[in-house]
Amino acid sequence: MNGNGSIELKGTVEEVWSKLMDPSILSKCIMGCKSLELIGEDKYKADLQIGIAAVKGKYDAIIEVTDIKPPYHYKLLVNGEGGPGFVNAEGVIDLTPINDECTQLTYTYSAEVGGKVAAIGQRMLGGVAKLLISDFFKKIQKEIAKSKQEAS
Amino acid sequence: MVDHGIGKPMYRLEDVRLLQGQGQFMDDLNPLPNIHHVAILRSPYPHARIKAIRTDKAALVPGVKGVITGSMVASLSRPFPVGVTAPVKYYSLAVDKVRFVGEPVAVVVAKNRYIAEDALEKIEVEYEPLPAVVDIERAMEEDAPLLHEEVGSNIANQRTFHYGDVEKAFQEADYTISHKFLFPKYSATPMETYGVIANYEKSTNSYTVWANFHGPFTLHSVMAAALQVPGNKLRIITPKDNGGSYGIKAGIYPYVVLMAIASRVAGVPVKWIEDRQEHLAASSSGTDRVTYIEAAFNKDGTVTALKMKMIDNVGGYIRAPEPACLYRNHSNAVGPYRIRNLYMEAYAVMTNKCPTGLIRGYGGQEHYFPIERTMQMIAEKLGMDPAEVIRKNLIRADEFPYKTPSGGIYDSGDYHKAFELLLQVGKYHELREYQKKAKADGKLFGIGLACIVEPSGSNMGYITMALTPEERAKSLPKSGCAEAATVMIDPSGSISVRISTTPSGQGHETVAAQIVGEVLGVNPRDVQVVAELDTLTSPWSVASGSYSSRFAPIGSSAIYQAAQKVRQKLLKIASGILSTSEEDLDLSQGKVVVKGNPEKSVSIKRLAGLSHWHPQGLSEGVEPGIFETAYYTVHTANPPDKNEFVNSSVTYGFVADLVAVEVDPDTGEVKILDYYTVHDAGKLLNPLIVDGQIYGGLVHGLGGALYEELSYDKNGQFLAGTFMDYLCPTATEIPPIHIHHIETPSPFTPLGAKGLGEGNCMSTPAAIANAVADATDCIIDNLPLSPNRVWNLLQKKRQEQEKVYIRGDH
Amino acid sequence: MKPPLFDYYKPETVDQALELLQEYGINGKIIAGGQSMMPILNMRLSTPELLIDISGLQELSYIRVEDGFLKIGALTRQRDVELSPLVREACPLLSEAIPYIGHMQTRNRGTFGGSLAHADPTAEIPMTLLALDAQAVIRSASDQRLVKMEDFFLTYLTTDLMPEEMLTEVQIPLNEMPKGYAFTEFSRRHGDFALVAAACLLDVDKDGHITSGRLVLGGVDSVPLAVHEAVEAMIGSVLTEELLEHSVEEAIRFLEPESDLHASSEFRKHLAKVFAMKAIRTAYQRAQNRE
Amino acid sequence: MIKIEKGQKVLVKLKVNGKLYEEYTESRKLLSDFIREDLGLTGTHVGCEHGVCGACTVLVNGRAVRSCLMLAIQADGTEVNTIEGLASEEGWHPLQEEFSKCHALQCGFCTPGILMSAVEFLETNRNPTEEEIKEMLSGHICRCTGYHGIVKAIRQAADRIKNTVNKVN
């Protein structure tokens, strides 16, 4: 399962970057993230409850940020395991300034979902991935707006 | 009574209990007190190293009696033996590594299944994921992810065979054709899943197992070897009723061993009933196969030579009886055709999919799909009617028994007669006329034909074709195909029969009663048949069981022979009493009567009574009691010879199919309008049951052609884990089916019968593929023909036609 | 495949149910007919702390016409809706759609509201209700609100229902119910989840000009998707194949359905076109016949 | 209001085939398991536990439902009919007879569920077409028979029931 997309965020590259790299913001923006704990350099342990409606799985995940080129580029590795199976995902994010106020964020991702959930959730898995990603950026957008508001 | 004799459509004896909810299936059994229940933790990864397993939390769940992991299994059992030289270590539970999604990793024994599943969630496994491979040809490449380090390659077995002069035939032929075909991995999904009850008796170091296993009982020695006990310390008992198998339940044997060990570790009898998700992911299935086929033929349509390179995907572990799928059709590799030159190259490849095993049609569907598609492609190339190409090549009636280039001995048949009957009942010529009109109207209407030889009654020796003649020479020659049965009469004169054919719905009890009833002149409904097999008390052989359609040719013969022995004994006893020679006596209506003088008779009841109550009154040399066992085998089942000739089955039937389809150009949906099938399976033992077998096999074949596939993604993730994604045909998907028979009795079986339960599994996918190719003018080389797949082909064709059109414009 | 442990509460009245939801909210999971929920529980894809079984609330099982609406209680069994002469008369689109849901044996147990609240994007009831411009009555312990179907579906299996709320009734407006209707779908086998489904309502004047229409597609997005433009673009015209194809193509141009085991995105999009056209064609013919 | 905590057992009372049963069970216990294990009626079979195969179909208050998609406690106070109660004192139900005559079963594992569906079906549809029979049957999977004999048996049973009813009237 893979895909890509882009989104325009209201904020400078630096502002966007700082939000994306802030663990407290991340834990708020990742859907179903119950806790996020730093366990090494750019490496986090997360307790995720991913799913939709009643179909929800608990995953213990390791999230790793690599290939960091501030403030333009990084790569995210997510390895989660839980009762319904596992999720291994990789995402690459690039930031490009559009103008003084706006930044273009482009992303590509590939995810592998395994175990029971892969064998039964066929019809919706692709959609769930898209949902998680769009939800994440929606929340990031809000966080940026919020901190701008606070700043002003 | 006449209506119940051999060959009559007697209603089944089994129905009486099954229709009233009194069947005794695996999960209905409670043979011991204190049975605990098992749940199995399975790998979510297609390929990974197991770094650690922590079971302490699971063990603490109230009601849990034990947790079993790979290391315990490795210490309490040995890897399963398998008939190839590659040193593959296959245990009943993953040790160190997992090699397919669904592979058992740990076992919980608990008070009930609910608690066992609660405890599973508390087991922690640390995996190190490894790259996986599922593509057959990719797995053969040198740099492919390696499943078994100790083997050094993913190729578990490889053989080549030359029969006749293939190169010469190819040089001399007017034309040649070649194509690559892919047959998918699919299953049979019996409605009853696997089930095992196992009990370890410490005092005698022996295991007693109840399992809905149905053979082949060669696997009994495989299980005993894994458990490191002599055969008599592994007692296997099968339940009275088995809820379907179609070969798939032969794959239960690793779980027999696993449950035996679980009982030993937990110290209680254990019961495991596989659930549907476990079954789909990790029971067994047919192989997916790549075939490269080349045919040499002349302009009149005569095919002179075939070359086939066949590569079977046997999944994460090659397990017995694989690689048998590659060799089951070895003797009938040329099908019903007079092709004398044959080259075959066979590979068994391991990939990160669930291991494979028996399935209805075993190897036949994979084999005949490329051959029958090729026959049609030859017709297309020559501009001939496909029926004409088939006619040109069919073996003639006067050539039987026919020796095939690879050593098969086709016992009997009249292929031309059966084929012409098919064309006549299927109104082939009218359909062709209609097709012209339909196509002119833009309809995608097509007709498919397929002719196959259906082998039945396997010669277990064929499995050793996986070895070279030199390797074979090192061990005992193998040709087992014997079956056994016992007929006895108790002191009250009532008759019972014990069979070892482990039926799973094929009505063996009924047919056994019909045979015994006819031989002994009694009403079959008064005959009691015991189908439960017990390896400590039943007569059985390595070949016993329900597979390779062996009941009709071999199982029924053993019953017949045992009944004959009883008959002879009754006549002998009666001869003394009636003072008449045995030749002048007959059995009828429960009595021995003097021929031509029916007033003079003595009842079976009396004769049986005498043999039990007053043995001294029997004539000299007559043993007391009436209890006769017969083993039956066929003289043409011999071990493969040094020239690689083998007769892999003892009887060979013939199936000819005609199917008319219409494809919806908008949706790619294949609608089957009519299906005709003509069978020649020798003498039919019970036509009601016979047709039931054909309907069932045909619909399974239709499932393989259109719906069923155990899909994996390219990373090895399993995608068809429920009955929402693994699509079994239901009543609304079934076309009108028309069955016809001719009967040319087999000279090798006493009743002239051959097997017929599998033929349409072999022929139907090919026939439907031919029809869809005919309807769409697309090349069909892959199954199942899902709407999406067919639509893609139609799209591609439309785009190509547009290109041609645009080019033509310039 | 056995359900995990959960607390089990079975309220006897709607008010009791709403109080439970108020108290346990997100940790409670409602079970009604169980035809979607039970497989999820058996597979342990859901591990709710508390199961609130509302299947005993007989007061929510009814079908009636009132104030210009066809009102169906949330706990009415699908089979009862299927067999209801009232529904057949007042809302034939619904009668046509229901038999496509699973099988008789699951419709016997599955509830009308359960299917709507489960919000599977290929499910027949959500699609049909969107086409019918229906509204849901949603209650909580403290409040009651009406939500139009166009605002009800958020994404896969997710609706506007809050954890403390419960769907109690569906209201289908009967005024100006178009004369033409059609429900059609394509699935691998009879009774399977549709790969693509289409529901259409359409009206014509006596000369066969289309006067109004609605079209909803299932299986092409994370929610049942309204593409009314496909019909609206043809208002004032007599239906021709050319016009139909053009307006449907235009209306679904933006679709990017997900791929799965049974259908690629491209194939789904193609099916969307084929079945949208089919539904409109049938609805148009029926409208004309009844005009 | 019924409130049952995790692991707590609850009394379930129901009538099966006309006979009253009272058994304590956990709230999570499936009706299918309850019927088989607690009531000992093993004629109802379990084939998929996700509501697709139909093997576990029983009648609850006269309607064919999947017993694997119901909790036992949800059947409290209902009347359940299973295969064990299909034959009467007078003999087999016409469906049972026709199933045998038409060879509508082989292994017999899916058969009880199909019979129970067919009972409800024929009660609501006296004169079914082949199409309608197949549609009803599509809620069941049988891997042995190819459905041919089943469709035929149900049609013949329908004719027989119709004729009997006509005679009585």
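I looked up the UniProt record first: its unreviewed entry lists "domain: FAD-binding PCMH-type" for residues 1-177 of chain C; UniProt positions are given in the numbering used here, feature names are shortened, and annotations may be inferred rather than shown by experiment. The model is predicted, so local features need pLDDT of at least 70 and side-chain atom pairs 80 or more, while totals for chains, interfaces and linings use all residues. Residues are numbered from 1 along each chain as written, chains are lettered from A in the order written, and side-chain values use heavy atoms without hydrogens and water.

Helices (H or I, at least four residues) and strands (E, at least two) are DSSP runs, numbered from the N terminus.

Next I took strand S1 (residues 7-10) of chain C. Asp7(C) and Tyr9(C) point one way, Tyr8(C) and Lys10(C) the other, and all are buried (under 20% relative accessible area, 1.4 Å probe, protein chains only). In a regular strand, side chains alternate between the two faces of the sheet.

I then checked the pairing of S1(C) (strands pair if DSSP finds at least two bridges between them). S1(C) runs parallel to strand S3 (residues 50-53) of chain C, joined by 3 bridges, and Tyr8(C) has Leu51(C) as its bridge partner there. S1(C) also pairs antiparallel with strand S1 (residues 2-4) of chain D over 3 bridges, where Lys10(C) stands opposite Ile2(D).

Conventions: Buried < 20%, exposed > 50% of the residue type's maximum accessible area, 1.4 Å probe, protein only.
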